[in-house]
There are 2 protein chains.
Amino acid sequence: MSWIKRILIGKPLENEALKEEKYSVFWGLPILASDPISSVAYATEEILLVLVPAIGALAFHPLSWISGAIVMLLVVLTFSYRQTIKAYPSGGGAYIVASDNLGQYAGVIAGSALALDYILTVAVSIAAGTAAITSAFPALFQHQVAICLVILIILFFGNLRGIRESAKLFGLPTYAFIISVLVMIITGILKVKIFHYVPSEPMIHLKGALEPITIFLILRAFASGCTALTGVEAVSNAVPNFKEPTTKHAREVLLLLSFFVFILFAGISFLANVYHVVPIEGKTVLSQIAAEIFGGHNWFFYFFQFVTALILALAANTAFADFPMLFSVMSRDGYAPRQLSIRGERLSFSNGIVVLTLIAALLLVVFRGDTHRLIPLYAVGVFISFTLSQFGMFIKWIHSKEKGRAYKAIINGTGAVVTLVTVVIIGSTKFIHGAWIIIVVIPILMTIMIKIKKHYTAVAEQLRLKPEELKALNLSKTTYRNHVIVPVESVNKASVRALRYAQTISDNVVAFNVAIDEEAEVRFKEKWNFLQTNIPLIVKYSPYRKVVSPLIEFIESYEEHSYQPGDMITVVLPQFSVNAWWQVFLHNQSRLFITRNLLKHKHIVIATIPLQLKQDQEVLDKKHK
Amino acid sequence: MSWIKRILIGKPLENEALKEEKYSVFWGLPILASDPISSVAYATEEILLVLVPAIGALAFHPLSWISGAIVMLLVVLTFSYRQTIKAYPSGGGAYIVASDNLGQYAGVIAGSALALDYILTVAVSIAAGTAAITSAFPALFQHQVAICLVILIILFFGNLRGIRESAKLFGLPTYAFIISVLVMIITGILKVKIFHYVPSEPMIHLKGALEPITIFLILRAFASGCTALTGVEAVSNAVPNFKEPTTKHAREVLLLLSFFVFILFAGISFLANVYHVVPIEGKTVLSQIAAEIFGGHNWFFYFFQFVTALILALAANTAFADFPMLFSVMSRDGYAPRQLSIRGERLSFSNGIVVLTLIAALLLVVFRGDTHRLIPLYAVGVFISFTLSQFGMFIKWIHSKEKGRAYKAIINGTGAVVTLVTVVIIGSTKFIHGAWIIIVVIPILMTIMIKIKKHYTAVAEQLRLKPEELKALNLSKTTYRNHVIVPVESVNKASVRALRYAQTISDNVVAFNVAIDEEAEVRFKEKWNFLQTNIPLIVKYSPYRKVVSPLIEFIESYEEHSYQPGDMITVVLPQFSVNAWWQVFLHNQSRLFITRNLLKHKHIVIATIPLQLKQDQEVLDKKHK
């Protein structure tokens with residue numbers, strides 16, 4: 001088993017591996033941008049998917065306004081987050097900004113929303129990446145879910161091994177995607193405007209309006225398009241990862257990132273309009289545009305689809321780093337199991353990766369690997385964390401005495417209001433399509449986190465020694481005695497070892513044996529007498545071969561009789577250290593059971609004495625020689 | 001959680017609960033007979049399912065011969081097993097008889113076959129019981145798998161609670177079934193022979209022979225019908241459960257059981273013939289016969305279906321007792337994890353019940369709760385164990401000097417040959433239909449069991465103290481020292497308690513702290529000084545908050561320096577005893593990690609010192625007061 005594990009997961013991480021490369025602007029951009037920039041691969045399609053079934057060919061009009069509104073929202077967010085970067089040079093995720101300025105409950109809401117956001121980033125990006133692949137190879141369309149799961153599994157093992165975010169390797173696909181889309185936008189515009197190319201009619205016949213154009217419809221389409229903005233906050237989390245001066249570099253990257261999202265999203269929406277591309281099953285809008293402009297079967301088309309899939313997989317990959325990091329920060333505040341805060345223990349990150357993978361897999365299977373079905377769940381969580389973060393910044397400026405705080409408060413206040421309005425729009429228009437799941441899950445996560453915090457607070461309170469108690473303590477004076485009980489199954493090397501050890505830790509040692517009948521007792525005592533020891537031996541009968549309960553009964557009766565208040569009782573139990581994983585199940589079951597039962601007793605210490613076993617074959621060979 | 005567990009599983013079993021009621025003949029019969037007698041509910045149908053699709057209306061001729069052959073096989077088995085009962089008054093299951101007389105490998109084959117047999121008894125009986133229900137209520141037919149799983153879950157929780165096989169309660173359905181079928185047989189014969197009722201034509205039109213009647217076809221039908229004989233061996237397992245004289249009572253019950261299987265199976269096959277009932281989807285043959293004779297919508301029909309489902313559920317239930325019992329016997333010989341041999345530990349039986357339920361559930365889902373698909377897997381395992389048991393008896397008589405051994409050898413020899421021929425017939429005719437699964441799985445199970453045995457043998461060899469070693473031992477002389485290391489996370493009640501304990505068990509105590517930076521070290525030392533102790537304190541830095549590896553490094557360096565060969569090192573670790581199941585995940589993770597790592601070291605003992613936590617709310621309320 002261990003060699004399988006070694007191949008799949010790699011050797012344990014060293015502490016040093018944690019020292020991450022620092023980003024320049026040029027390489028920081030593509031790494032932090034894969035999530036937001038890759039969103040443009042599906043955002044336009046999501047808008048059209050709302051509009052086309054309702055109003056047919058008329059869809060392209062509102063598409064322009066809606067895209068414009070989303071781009072405006074992006075501008076507001078960019079200005080807001082540039083301020084967050086400046087104010088939180090050590091990293092200002094929504095959880096930190098909200099708990100700092102709005103109190104712990106707001107922080108916990110933001111944390112829950114972010115956790116869901118990361119899970120959905122994985123699911124949505126993988127689903128969209130799969131759609132890019134199946135658009136190029138339609139024969140694979142029926143295996144959608146399987147392809148999603150394969151990508152997920154690759155990311156899972158890659159991250160368990162500890163993919164280091166090597167800037168250059170991870171940055172290239174983002175640049176390749178940006179350049180490809182830019183080339184496509186320019187070619188596409190030239191082809192129509194200069195060369196007067198007439199786009200073929202939409203592949204499905206478009207009727208006129210089937211329904212009236214209502215405000216609700218427009219808002220619903222807007223809500224779908226807002227997915228273009230997911231991941232914009234990534235830069236503000238990662239400020240300390242930049243080269244000095246970190247804040248300046250981070251702000252530049254955010255600006256560039258927004259610029260590219262702006263250009264690419266607006267460009268794709270424009271092309272969709274000009275080329276009258278409408279969503280059809282099995283072909284993404286982006287792939288249809290590419291096929292119209294470059295032709296559907298040349299190498300550039302396939303390259304473009306490959307690059308699209310790649311940047312989407314990278315976007316999913318970022319969540320694999322962010323999700324455990326979020327829990328690491330939250331656990332330091334006591335809102336998540338404490339072991340998650342220990343950076344560098346591979347264990348803690350592995351747990352996060354396993355949880356993330358399982359939930360993402362569940363989502364991909366339940367929603368059949370379909371981007372469109374997952375989207376309604378996605379944006380609402382993202383914008384809840386945007387709102388809390390912006391509102392937190394607003395409050396920060398209100399309470400601040402800094403120069404220019406009024407201007408800053410207006411910027412972040414605008415951000416807060418705009419994102420809050422977006423949350424309401426998304427939450428209401430997408431409620432029945434899945435947003436309700438998020439609205440139900442967030443309070444559940446919050447409750448769990450608050451319960452955990454309460455528990456840690458209560459434990460700390462119980463462990464606390466007040467200064468006066470500390471002074472009154474006198475460790476050197478030990479007045480109580482230590483009694484040792486050694487359960488002896490039979491006289492063998494393990495029990496002799498336990499008895500030897502017991503004698504070094506106390507003068508009050510008792511050996512305890514469970515016999516199934518008188519004959520067994522006689523046999524046992526015969527062997528015992530060979531030991532020539534003056535350790536008292538207690539034998540109890542247990543006709544049904546029960547071992548644990550007679551021992552516990554004995555200890556309890558012992559506690560009543562020989563025991564002085566304050567004394568400790570140590571029970572010495574041997575534990576076999578085995579050579580193969582499956583052998584674990586062949587031993588130690590009653591030890592575990594005894595341990596679990598005895599730990600309920602206040603004054604009982606369990607001393608586990610290990611015994612290394614040799615390889616079975618080795619022992620048997622020797623025996624037969 | 002504990003109240004849920006209490007409701008579903010009940011309070012822990014007491015030792016006394018194990019003392020089972022002893023069976024009289026009258027109540028022993030129905031309890032041991034539910035498995036074999038319930039098989040008649042599907043055996044005739046299984047024969048027809050082979051014949052009808054191949055040879056249409058001609059099927060009823062071979063049905064008579066085949067039923068006759070099976071009934072003859074039953075007679076042979078009955079005589080054979082009556083001898084087993086006499087020879088093994090303490091219970092002669094196939095595993096015991098085979099290992100006693102044919103050696104351990106034969107025993108392990110029989111054990112594997114039996115284990116599969118019990119699993120399939122559960123799956124097949126539940127599937128057939130479900131078919132009885134859906135035959136009465138056709139609307140439920142599409143929910144077949146769900147109904148199967150509901151029955152399985154009821155049996156699962158019933159057995160986890162520890163259903164006692166209360167003779168009367170469990171015996172009644174068997175008698176009700178026997179009487180109902182007898183009434184049906186008599187009425188059915190009278191209706192046709194005396195009242196000249198003309199049965200309606202088969203519901204599906206029967207053509208003549210579509211294929212030639214081949215020997216292979218007949219043998220395949222015979223193999224299917226052999227399922228009528230599963231469970232016949234149950235009596236020989238249960239001899240000690242009878243009232244004195246046990247052997248006599250058990251033999252009487254076996255005779256009666258065989259008599260009833262004989263009558264019911266022959267009767268049902270006869271009725272199927274006379275009433276021209278053929279298998280159709282959604283209605284069992286038995287339910288069709290009942291509907292023909294009594295009418296399909298009166299209370300007797302529904303009562304009959306209910307009783308059929310009930311006896312089949314009871315048949316499944318017997319496997320829930322037999323499966324853990326088999327492993328209990330095998331584990332005493334070292335072929336299964338030892339903890340399974342501890343009778344009366346609820347734990348051991350629970351594990352068996354969980355495993356049995358999970359595999360049966362898997363089979364029911366994979367084979368879509370369809371009796372017919374499961375049958376090919378069933379009979380082959382049963383007859384392998386029959387063959388080994390009979391052959392073992394044959395060898396026993398060959399080696400015996402008892403009077404009449406020649407006669408006995410002939411009886412069991414005939415049994416062995418007949419059942420071996422049956423194994424070959426079933427294995428070859430049903431191979432592609434599923435018997436191959438059993439033929440693949442048995443060697444796998446055997447390999448596992450033999451590996452387990454090898455491991456236990458090797459462990460015993462390593463633990464063994466030879467008599468000369470025993471004499472040379474002198475337990476009173478302890479020459480080595482005990483060093484104690486107490487990892488101290490912070491100065492609090494838990495660590496003070498651990499330090500206090502450490503001082504009672506040794507004079508060489510060292511406290512060990514991991515600090516993330518110098519500031520943390522200063523803070524810690526300040527508090528430490530309050531303790532006014534002369535226990536030396538070692539502080540190590542770990543900038544990445546790793547706790548475990550610095551501790552292990554320290555211990556290893558300690559081993560190198562202060563340590564004398566033969567000395568022991570005790571590491572004292574506090575463990576929190578929590579109040580709610582989920583709190584377990586909030587603590588003790590690094591303790592587990594430390595324990596796992598340290599147990600690889602030969603001379604390290606881990607002393608776990610428990611700390612009972614109070615209810616969170618209680619502590620917090622007090623704090624705020």
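The model is predicted.

**Overall form of chain A**

Chain A contains 22 helices and 5 strands. Its radius of gyration is 32 Å, whereas a compact globule of 625 residues would have a value near 25 Å. Along the principal axes, the C-alpha atoms of chain A occupy a box of roughly 105 × 65 × 45 Å. The chain is divided into two domains: domain 1 covers 2-12 + 22-456, and domain 2 covers 482-624. Taken over C-alpha atoms, the centres of these domains of chain A are separated by 58 Å. Of the 625 residues in chain A, 49% are buried. Where contacts in chain A join residues at least 6 apart in sequence, 81% of them link residues at least 24 apart.

**The interface with chain B**

On the side of chain A, 80 residues are in contact with 79 residues of chain B. Elements of chain A that each supply at least two residues to this side include α16 (431-463), α18 (493-505), β4 (568-577), β5 (604-612) and α22 (616-624). The table gives the composition of that side by class.

| Class of residue, side of chain A that touches chain B | Number |
|---|---|
| Nonpolar | 38 residues |
| Polar | 26 residues |

β5(A) pairs with strand β5 (residues 604-612) of chain B in the antiparallel sense, over 3 bridges. Within this pairing, Ala607(A) has Ala607(B) in β5(B) as its bridge partner.

**Relation between the two copies**

**The setting of Val329(A)**

Val329(A) lies in helix α12 (residues 299-332) of chain A. Is Val329(A) buried or exposed? Val329(A) has 21 other C-beta atoms within 10 Å, and a residue counts as buried if 20 or more lie within that distance, so Val329(A) is buried. Apart from neighbours within four places in sequence, Val329(A) is in contact with Tyr95(A) and Ile96(A). Tyr95(A) is 234 residues from Val329(A) along the chain, yet their C-alpha atoms are separated by 8.8 Å.

Note on methods: Residues numbered from 1 in each chain as written. Chains lettered and ligands numbered in written order. Predicted model: local features only at pLDDT ≥ 70, side-chain atom pairs only at ≥ 80, totals over all residues. Helix = DSSP H or I, 4+ residues; strand = E, 2+ residues; numbered from the N terminus. Rg over C-alpha atoms; globule rule 2.2 N^0.38 Å. Buried ≥ 20, exposed ≤ 12 C-beta atoms within 10 Å, placed from the backbone. Contact = placed C-beta atoms within 7 Å. Domains from an automatic or database assignment. Nonpolar A, V, L, I, M, F, W, Y, C, P; charged D, E, K, R; others polar. Pairing = 2+ DSSP bridges.
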